Every structure is written in C-alpha cells, then in structure tokens.
Amino acid sequence: MSTNRRPVVVIIGAGFAGLYAAKKLTKKNVDVLLIDRQNYHLFTPLLYQVATSGLEPGEIAYPIRGILRDKPNVRFLLGNVQAVDSQLKIVTVQIDGKLSQLSYDYLIVAAGSQTHYFGMEQVEQHAFGLKTLADAVVLRNHLLKCFENAAWIDDPERQAALTTMVVVGGGPTGLETAGALSELYRYVISKEYANQASALNGRVILLEMSDHLLAPYPARLQAAARRQLESLGVEVILGSRVVEAAQDHIRLSDDRVIPTYTLIWAAGVKSSPIADMLGIAGQRAGRVPVRPTLQIPNADTIYVVGDMAYLEDRKGNPYPMLIPVAKQQGILAAENILRQLENKA
C-alpha cells in the first residue's frame, strides 16, 4: 500500500448497512467512496405505505448527498457495479453508459436483496414486487386504475376480479401490505366510490404456504397477527401456494382459482446479483458466507454485510435479513477495517 495516500474504502450499496459503515468511517484517515444505483437512501419498511397511497414517495426516500453533506472524506457515485476483481482490487462500475475501473484497498459489499420468485416465471411476469420505490409507485397506480375501471363496467365477475387483491407471503411485509390494502379500501376507496351505481366490494386475501404466519415468532403472536388481520377484513389462506399465475387469475395448489388482476409477491427475497461477482458459492437465498469478522473466506480486504451476508449465530441459525442486523454489521465491518489499518501502522 502506498504511503503517500490514504487508504480507499469502497462501499457498494447505500442501504442501512452501507450508510452506517460510511458514517463509522467519517473523519477517519481513509477516503470512502459510496456507490449505489440510486441517488437516494430508501426506508424500505414503509414501501407498502407508498403502494397503498398512505405516503408519498419523497417521504421515504432521502438524498444520499444530503446525508453525506457534513462528511468530507466520504464521496458518492451514482453507478451500476458490473464486476469485482478481488485479486487486482478493482471494482468495475457503469457510469452513464460507460465502464470505469475503480481501485480500492478495502471493499464493503452491502448491495442488499431482491425479490425471489423461486423460478416461477409466470409469477415473475404477472406479480407485483415490493422491493424498490419504483415497485411501490407502479403498484399504487395499478390499484387506483383497477378501481377506476371496476367502477364503470357492468360485468360483475370482472369487477370482482379487478377489486380482489392477493398478497403472497406471511412475513412482516405481507401482513403489513395486506392490512394497509384493507384499510385503503375501507377508509378511502369505499368512500370515494360511494356514489357509483354499482357498489364496489374490495377483497383482500393473504396467502401463506405454511400453516402459520410470521414463522420466526412465537405461536401466540402468530395467532394474534391472524386475528388482527381478519378483524380488518383480510381473508387469510394458509397451507396453500400459487402454482399458476395469469393476468386475470391465480391457481392454488389445492386447485382453487382466484380471479384477480392484483398479485403482490412478498414471499421471499434473495441476495443481490453482486454476490455472484465474489467467486464464492452462496448459501440459502444466495447469501454470501462470511467469517465472524464479516470478511469473505478468500479475501481479507472484502467484507459482506446486511442482507447479502450469511452468518450463523451460536445456535446455528442464520442472522435474519433485518435492518438492525444490517446496521450492526455495517458498523462492525468499518470497525474491523480501522483495526486492520491500526495493526499495519
């Protein structure tokens, strides 16, 4: 490492893990480059609120440059990472259509996760994901258009399909989305269309393939969550899964057919494609196995944190893809880099 320059730490991803790593490195004797495909940090837990018209997109998206304004040793780059060369310590980034190679001394990969369709092409084609701001806006516009169309047609079967919303996935995102959809219909849409000649009947269905909701939680909380959803008017279907999806219906594993134009997929996520650039076989959902230090097995200068990282706790359970875990791992990776630099001094 050259002695006439400061070490360069490149961070891929401006989610919670990446931002907290950058903050930990602020005002340290390193130069930090934070790379992301978007120029805003997204508060992902509230995407469902945008999708159901509860919030505007700008209320959950914060300009990254604004966040970094008082951090002089941290720069931001808007670009798409195309390759990682761990031998030459180079990250290849597409910037405005052109490829640039950027050198690093230490690399923190915090590129997050993406929707996992488990190889079901029909579902991927027809379902609405809920991982990005664009996903939320597209879903919101679709929902409002469905009700507009339903208000002016005479075909009761098509009208029912237009106003039926199916959410797949019994985790927190699925539950929050289903509950918000029910409230959107009950407290907003039903009133706005009260003067229509034919009344609209919004229907919200939550589908989970296992026999319970909220798998990691105690049984009493699972039961309480179901009761609360049903009190909001959400139909909960357990023990069944989607086996066929089309524009106007889905078919379940018990051979039930549900006419709907709105299939929302909250059934799973997998690691960012950047995981494949690191040359390591992925674990569950493509997550990258890391050491307790969060370094990958074959490179001491590369750290993987957040949703991408696969690390087991003392009981052998993988740490979940949750914001608190991502924050802690981002900070730990930054601390370990600083510790490495101290040992070299």
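The model is predicted: local features need pLDDT of at least 70, side-chain atom pairs count only at pLDDT 80 or more, and totals for chains, interfaces and linings use all residues. Residues are numbered from 1 along each chain as its sequence is written, and side-chain values use heavy atoms, with hydrogens and water left out. The chain holds nine helices and 22 strands. Helices (H or I, at least four residues) and strands (E, at least two) are DSSP runs, numbered from the N terminus.

**Overall form**

- Along the principal axes, the C-alpha atoms fill a box of roughly 75 × 40 × 35 Å.
- Of the 345 residues, 48% count as buried. Buried means under 20% relative accessible area, exposed means over 50%, and partly exposed lies in between (1.4 Å probe, protein chains only).
- Contact means heavy atoms within 4.5 Å. Among contacts between residues at least 6 apart in sequence, 61% join residues at least 24 apart.

**Surface and charge**

- The chain exposes about 17500 Å², and carbon and sulfur atoms supply 49% of that area. Accessible areas come from the Shrake-Rupley method with a 1.4 Å probe; for residues, only the protein chains shown count as cover.
- There are 35 positive and 33 negative side chains. Lys and Arg count as positive, Asp and Glu as negative; His and the chain ends are not counted.
- The centres of the two charge sets lie 10 Å apart. Each charge is placed at NZ of Lys, CZ of Arg, CG of Asp or CD of Glu.

**The six-strand sheet**

- Six strands form an open sheet with mixed pairing, in the order S5-S2-S1-S9-S21-S20. Strands S5 (74–78) and S20 (295–296) stand at its edges, each with a single partner strand, so one side of each is left without a neighbour in the sheet.
- Two strands pair if DSSP finds at least two bridges between them.
- Strand S1 (residues 8–12) pairs with strand S2 (residues 31–36) in the parallel sense, over five bridges. Ile11 has Leu34 in S2 as its bridge partner.

**Strand S12 and its partners**

- Strand S12 (residues 203–208) is largely enclosed by the rest of the structure, because five of its six residues are buried.
- S12 pairs in the parallel sense with strand S11 (residues 164–168) over five bridges. Val204 in S12 is the bridge partner of Met165.
- S12 also pairs in the parallel sense with strand S13 (residues 235–238), over four bridges. Glu208 stands opposite Leu238 in S13.

**Two residues in strands**

- His249 lies in strand S15 (residues 249–252). His249 is buried, with a relative accessible area of 18%.
- Leaving aside neighbours within four places in sequence, His249 is in contact with Glu244, Val257, Ile258, Pro259 and Thr260.
- His249 and Thr164 are 85 residues apart along the chain, with 9.9 Å between their C-alpha atoms.
- Lys270 belongs to strand S18 (residues 269–271). Lys270 is partly exposed, at a relative accessible area of 30%.
- Not counting residues up to four places away in sequence, Lys270 touches Ser113, Gln114, Thr115, His116 and Ala285.
- Lys270 and Val257 are 13 residues apart in sequence and 28 Å apart in space, C-alpha to C-alpha.
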